[in-house]
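Please look through the sequence and structure shown here before reading on.

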Amino acid sequence: MEEKSKQETPWYKNAVIYELYVRGFQDGNKDGRGDFWGLISRLDYLVDLGVDCIWLMPIYPSPGKDDGYDITDYYGVSPEYGTIEDFRSLLYQAHGRGLKVIGELVLNHTSDQHRWFREAKKGPGSAYFDFYVWSDTPEKYKDARIIFSDLETSNWTYCKENGLYYWHRFFYHQPDLNYENPKVREEMIRVIRYWLDMGLDGFRVDAVPYLYEGEGTSCENLPETHAFIKEIRSIIDREYPGALLLAEANQWPEDLVRYFGEGDEFHMAFNFPLMPRLFMALRQEHHGPIVDIMKRLPKIPESCQWAMFLRNHDEMTLELVTDEERDYMFHVYAEDKQMRLNKGIRRRLAPLLGNDRKKIELLNAILFTLPGTPVIYYGDEIGMGDNIFLGDRNGVRTPMHWNDNKNAGFSEAQPSRLYAPVITDPVYNFNSINVEEDKNNKSSLLNWLKHFLFIRKTFPAFGRGSLNFIYPDNKKILVYLIEHEDVKLLCVFNLSASSQPVEINLQSLRGYTPIEIIGATIFPAIGELPYLLTPNGYGYYIFNLME
Ligand code: NOJ
Ligand code: CA
């Protein structure tokens, strides 16, 4: 029975995912830009870190106006990264090390340089005209918001060639595909099969909510979008069991959970509602924001899983908070306006947290223990800094710091050839913030994180268990119990800067002995009285409760 349940647990439930920007990871041919050869040479680092799956930002041919999310050919790879054969080698090398690889599936839009759009622009006579969404007025779909609000003023752009307007939810150079057209749906299913046939292990599916439009609606989360996702999922289940579909749907809980369907849409979805509230709770020194949102998240189907993240390649989005909360977050985390973009903050994890090691550990510890699969953004494991003077979101996509050699070990090219400069500001200088330095320092962030991931692996309950909050009177303390089969894990976090006393009511667990699992320390057994703990500022305990 035990064996059976183990076999049935999908791989993504106990995985750790690492998001990586190929251009920024490792240059293998000295042209100043990362590539597949470079990445292959760094796979052992990822295995050593304890990662199970790498998520590659777009690798397709692209004019690069949105870092590859503007695709011109869904069947190729960008020549700067290598050839399709090199990509196959990457898959082979990753799989040989037990690593899964997921890619990007950008369904919603193409580049305006895509052959389909160049043909479509010729007008209604073109075979590809109906691949996109056209109108003779920009007044349609007025209820749809503008997502890149700092960069675009309308979701419609006028096409000089045919005198019509085309629809786009993102940049003007990313026309939305028309999913009403069955040919578009067929084309994208062909793309999915192509990559999964090659051996890719799944997709992070970009911009999911926007596939269909409807007058008088927000043009998000329409039933037709769900129907198409169900169709994709049924193909996966039938032809590619084990492949992962991970949704990028930046939506409020009620709309977001619908992307799991009844276990027949996405396997996983990013927990967008939780993410900003982790930062909010820390700043407010109050468990409320975390507890409230987690309680508002409806239960998800058994086979589904949350993707838990602190930061990614975009700005830290603050769309899913109230206007007041956003003002607060801007005030406390991005006082300099240069750090803001759209409705978000374009900073990496360490600078956001004032490079405070204790805060960085605390947020990661929460992330790694709440039910879900953690997703680490490249460079954040060593506390890399950012460069807010690079435009758009480029400041969080600078080259990985490997060592203190030329170009931080990222590339042997002339420094001025790099696609972006390495970080040289004093606090985050690559001379001190780099993988080699962290590896050699036992108490480094990298080694802490590696140890934590290792511990997490030894307790599958973290990925799969049920979550129950416990409410101490001291609201600066976050407490929850994770239970899975016979395992009970008690997690206690001090969200404040100072030491705190906390009495936790553990009556139902009387007689259990808490063992702190990071240091393997035995604590006094739980008795009649509330359990007293006194965590240091930003301190935490992760206990295994033994009977
Ligand atoms: C979401 C991606 O994360 C972001 O980087 C991109 O700009 C938009 N989708 C448009 O594809
Ligand atoms: Ca290169």
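## Ligand 1 and the cavities

The space taken by ligand 1 is the largest cavity. A molecule is said to sit in a cavity or pocket if more than half of its atoms lie within 2 Å of the grid points of that space. The model is predicted, and local features need pLDDT of at least 70, side-chain atom pairs count only at pLDDT 80 or more, and totals for chains, interfaces and linings use all residues. Residues are numbered from 1 along each chain as its sequence is written, chains are lettered from A and ligands numbered from 1 in the order in which they are written, and side-chain values use heavy atoms, with hydrogens and water left out.

Around ligand 1 stand Asp66, Tyr69, His109, Phe148, Phe170, Arg204, Asp206, Glu248, His313, Asp314, Arg393 and Arg397, each with a heavy atom within 4 Å of the ligand. This shell has three nonpolar, two polar and seven charged residues. In these classes Ala, Val, Leu, Ile, Met, Phe, Trp, Tyr, Cys and Pro count as nonpolar, Asp, Glu, Lys and Arg as charged, and the others, Gly among them, as polar.

Polar contacts are pairs of N or O atoms within 3.5 Å.

| Side chain | Distance to an oxygen atom of ligand 1 |
|---|---|
| Arg204 | 2.9 Å |
| His313 | 2.8 Å |
| Asp314 | 2.5 Å |

Taken alone, ligand 1 exposes 300 Å², and the protein buries 98% of that (Shrake-Rupley method, 1.4 Å probe).

A search of the whole structure finds three cavities of 30 Å³ or more. On a 1 Å grid over the protein atoms alone, a cavity is a set of points where a 1.4 Å probe fits but cannot get out, a pocket is an open set with protein on both sides within 12 Å along at least five of seven lines, and lining residues have an atom within 4 Å of a point. A volume is the space filled by probe spheres set on the points.

The largest cavity has a volume of about 340 Å³. Of its 24 lining residues, Ile147, Phe148, Phe170, Glu248 and Asp314 lie nearest its centre. The lining divides into nine nonpolar, six polar and nine charged residues.

The second largest cavity has a volume of about 90 Å³. Its lining includes Leu310, Arg311, Asn364 and Tyr377. Helix 14 (357-369) and strand 14 (373-377) are the elements that give two or more residues to this lining; helices (H or I, at least four residues) and strands (E, at least two) are DSSP runs, numbered from the N terminus.

## The largest pocket

The largest pocket has a volume of about 800 Å³. Among its 30 lining residues, Lys299, Pro371, Arg464, Gly465 and Ser466 are the closest to its centre. Strand 15 gives the largest share of the lining, four residues.

Notes. A polar contact is a pair of N or O atoms within 3.5 Å; within protein, one must be able to donate a hydrogen and the other to accept it, and residues adjacent in sequence count only if both atoms are side-chain atoms.
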